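Q: I have a new structure open and would like to learn how to read its features one at a time. Could you walk me through it?

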Amino acid sequence: MLQSSYRAGPRRRLLRLAMPLALAGIGLTLGTSAAHGEAVPADGLIVHYPMDQTAGGTVTDTSGNGRNAAVSGDITWRGAEGLQLGGTNGHVKLPDNLMRDLSQITVSLDVRIAADQASPYFIWGLGNSSNGAGNGYLFTTGNAYRTSIATGNWSTEQTVSANHNVVREQWKTLTYTLGGGTAVLYEDGVEVARKTGVTITPGAIGGGTTTANYIGRSLYSGDKYVKGQVRDFRLYDHALTAAEVLELSAVSDPERVARDIAALDLGDTSAVTDNLTLPTTGPNGSHITWASSDDAVVAPDGTVTRPAPGNDDSTVVLTATIASGEVHQDKQFTVVVPAELTAQEKVTEAADALRVWNADDIRGNITLPTSGLHGTAISWKTTEPETVTPTGEVTRPAYGAQPVAVKLTATVRLGNKQTKRRFDLTVRPLPKREPLDGYAFPYFTGEGSANGEQIYLAASRGNDPLHWDELNGGQPVLTSTFGDKGVRDPFIIRSPEGDKFYLIATDLKIFGNGNWDAAQRTGSKYIEVWESTDLVNWSEQRHVRVSPDTAGNTWAPEAYYDESIGAYVVFWASKLYSQDDPNHTGGTYNRMMYATTRDFRTFSEPQVWVDPGYSVIDSTVIKEGDTFYRFTKDERNNTSTTPCSKFITAEKSTELRDLDWDFVADCIGKGDDGEPGINQGEGPTIFKSNTEDKWYLFIDEFGGRGYVPFESTDLDSGEWTMSTNYQLPSRPRHGTVLPVTQAELDRVRAFHLR
């Protein structure tokens with residue numbers, strides 16, 4: 001239901017888009033053309049795509065030049081609300097050679113970026129691609145908001161950056177001008193960044209030939225497509241003035257209100273049980289206030305109070321008033337709020353939600369929660385407490401024994417109500433302990449190619465830790481389908497029982513983007529997880545959140561089993577931002593974090609583990625005797641006062657989760673005093689020789705050779721010597737060397753050499 005009131009006031013300009021609503025007769029009369037006011041320049045338009053259509057595979061060019069474009073993929077026309085792009089493959093293919101002979105340019109577009117837009121992505125890009133990579137282009141992205149012009153790939157970019165992300169779920173007018181060597185970036189008509197000394201002109205890209213011109217799609221095949229809406233794309237043959245750019249962004253009050261009325265949607269309100277999020281601003285900038293027909297059930301701030309158990313469901317009408325200037329309209333929503341569950345219904349629902357993972361194949365301690373949905377309390381009983389305790393500790397039968405069947409019963413309580421749920425477990429006997437006769441080596445190969453940020457695998461030649469063969473024809477053995485769809489820094493850990501493996505890795509893709517700053521401000525809070533019992537057959541990928549809201553990234557996760565708690569300690573690097581900096585715009589540094597888990601599904605709350613007051617990343621741990629040794633990259637910038645920055649620091653402790661470790665050595669890998677070394681190093685992976693009292697530390701010489709092996713016979717000494725006569729895979733970057741049995745080595749080789 002819509003109601004409106006419009007009192008005449010000054011018009012900022014004529015409407016540029018036809019309204020999507022039939023507003024005649026309710027006191028609001030709007031124009032129906034896409035015309036602009038006189039201040040909006042028409043001269044010099046190369047193309048203009050209002051994208052206010054309701055159907056069709058062609059995007060009409062209204063500049064008069066007849067350069068129509070084409071749509072494809074998951075797109076939906078939404079009239080004045082523009083073209084909706086689904087984020088899978090929807091995009092607009094623009095005509096070729098749009099920048100030919102241009103020494104100046106203006107590109108402007110209205111965009112509304114979806115809240116779950118993945119990165120990296122191009123909002124629009126004009127140029128060429130070669131072998132899946134951009135090869136000369138001009139593009140804009142919203143993470144972080146910037147525009148770059150390049151003659152080749154990302155390493156040739158000249159960038160003007162606003163150093164903040166474009167707000168999502170709001171329409172924004174993003175404009176870029178370039179003229180006389182000066183690039184200016186605007187947001188909603190206001191200058192937000194400027195760069196002088198730009199030496200590339202648009203016409204120089206591809207010598208004037210550009211065949212990869214898109215809206216909603218990157219010129220790098222590994223990047224994401226835009227998820228959101230776009231409209232009013234304009235390309236001019238000159239740099240508009242600031243006043244002209246401001247006029248491009250001007251929207252009249254009636255138009256703003258009408259757009260936000262059309263965009264306002266609360267989703268399914270037929271059975272609301274949680275508080276509602278009631279927006280107070282529209283995506284086009286209008287102000288929204290709310291009224292309720294029954295504040296006791298749904299308050300104007302969205303707070304929902306369900307009727308007491310046994311009562312009827314309540315029906316409430318919410319009225320939104322959308323206003324801009326002197327224009328306002330109402331829109332109503334009917335909300336049905338079911339009565340509260342009874343205590344018995346709550347315990348039943350909580351019991352139904354319980355899971356015991358891999359119940360038919362238990363090989364280690366399991367997670368048995370003590371609390372559940374609706375504030376329920378959970379207790380456990382077991383028929384075989386010597387095999388599975390009520391708190392989830394598992395003692396497996398000896399090698400050669402039969403599996404043990406265990407009945408595990410959960411009692412779920414709330415007040416004086418309770419229910420039970422039974423789980424049938426099969427606990428497998430321990431495996432035979434076999435000698436270690438080789439090594440497996442998962443790694444990634446870098447961000448320089450479209451598939452380099454996936455998981456590769458090599459196998460040692462017998463028990464030789466310095467000579468390796470690439471498996472699977474040098475192609476990835478695991479690829480990511482979640483998050484950024486790039487997966488780096490793979491780490492494998494063997495369970496303490498010996499017959500289960502967990503592989504965890506970083507959710508990150510830098511190829512085609514190169515924006516390390518954005519990756520540490522708005523990067524992933526997740527790790528990627530696979531598990532296996534044979535190193536050949538892996539589970540489905542799990543995308544598991546471990547970092548807090550204050551984290552900007554979750555890098556290089558590793559794990560070590562802590563016998564003192566019967567769980568794995570998982571650790572990683574995160575930049576942590578202030579609680580009052582939700583957009584992560586401030587300055588901070590990487591710290592090592594940790595959380596504990598039994599199953600790599602449920603994790604404890606993360607805690608800071610290493611914080612020397614400056615940035616550190618890439619910790620790895622090994623235990624010898626009663627002592628843990630930790631190796632970490634010093635991430636500070638190289639200066640004369642920090643001679644060991646960008647190299648590895650070693651520490652030791654008798655407690656894995658200790659916050660105060662003893663110093664052993666720094667500058668590991670540097671190779672001073674005539675010793676050979678590397679230029680800089682990160683991503684250390686450490687392992688003990690299968691045949692002698694010697695340890696190997698592979699250090700990733702980033703920007704150089706990749707992994708380089710070092711060796712030592714005394715972890716306490718902190719002395720490491722670069723290995724000689726080694727043959728690693730061709731492009732190994734941050735990974736893990738895992739000692740394996742002969743059977744495991746043979747199995748991996750046989751599978752990946754088929």
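Q: Over which ring does the charged end of R630 sit at 4.5 Å from the centre?
A: This is a predicted model, and every value here is computed from it. To read such a feature, look for the charged end of a side chain lying over the face of a ring. Here the charged end of R630 sits over the ring of W609, 4.5 Å from the ring centre. R630 also sits over the ring of W661, where its charged end is 4.1 Å from the centre.

Q: How many aromatic pairs are there, and how do I read one?
A: The count comes to 29 aromatic pairs. Take W290 and F333, whose rings form a tilted pair with 6.0 Å from centre to centre and 35° between the planes. This pair links distant parts of the chain: W290 belongs to strand β18 (residues 287-292) and F333 to strand β20 (residues 327-337), 43 residues apart.

Q: Are W290 and F333 buried or exposed?
A: A residue is called buried when its relative accessible area is under 20%. W290 has 11% relative accessibility, so it counts as buried. F333 is buried too, with a relative accessible area of 11%.

Q: What is the arrangement of the rings of Y439 and W468?
A: Check the angle between the planes: from 30 to 60 degrees, a pair is tilted. The planes of Y439 and W468 meet at 55°, with the ring centres 6.3 Å apart, so this pair is tilted. It again joins distant parts of the chain, with Y439 in strand β24 (residues 436-443) and W468 in strand β26 (residues 464-470), 29 residues apart. Both Y439 and W468 are buried. They also belong to a cluster linked by ring pairs, whose members include F441, Y443, Y456 and F687.

Q: How many residues of strand β27 are buried?
A: For a strand, go through its residues and see how many are buried. In β27 (residues 487-494), eight of the eight residues are buried, so the strand is largely enclosed by the rest of the structure.

Q: Which strand is joined to β27 by bridges?
A: Follow the bridges and the direction of the two strands. Six bridges join β27 to strand β28 (residues 501-507), and the two run antiparallel. As one place to look, V487 stands opposite D507 in β28. The two strands form a hairpin with six residues between them, and G498 in the turn has a positive phi of about 105°.

Q: Where does T724 lie?
A: T724 is in the loop between β42 (721-722) and β43 (738-741). Exposed means over 50% relative accessible area. T724 has 61%, so it is exposed. T724 and F710 are 14 residues apart in sequence, with their C-alpha atoms 8.8 Å apart in space.

Q: How do I step back and read the whole chain?
A: Start with its elements: the protein chain has five helices and 43 strands. Its radius of gyration is 30 Å, close to the 27 Å that the globule rule gives for 754 residues, so the chain is as compact as a globular protein of that length. The C-alpha trace spans about 85 × 75 × 50 Å along its principal axes. Of the 754 residues, 55% count as buried.

How values were computed: Residues are numbered from 1 along each chain as its sequence is written. This is a predicted model: local features need pLDDT of at least 70, side-chain atom pairs count only at pLDDT 80 or more; totals for chains, interfaces and linings use all residues. Side-chain values use heavy atoms; hydrogens and water are left out. Rings of Phe, Tyr and Trp (its six-membered ring) pair if their centres lie within 6.5 Å; planes under 30 degrees apart count as stacked, over 60 as edge-to-face and the rest as tilted. Helices (H or I, at least four residues) and strands (E, at least two) are DSSP runs, numbered from the N terminus. Buried means under 20% relative accessible area, exposed over 50%, partly exposed in between (1.4 Å probe, protein chains only). A charge sits over a ring if NZ of Lys or CZ of Arg is within 6 Å of the ring centre and within 35 degrees of the ring normal. Two strands pair if DSSP finds at least two bridges between them. The radius of gyration is taken over C-alpha atoms; the globule rule is 2.2 Å times the number of residues to the power 0.38.
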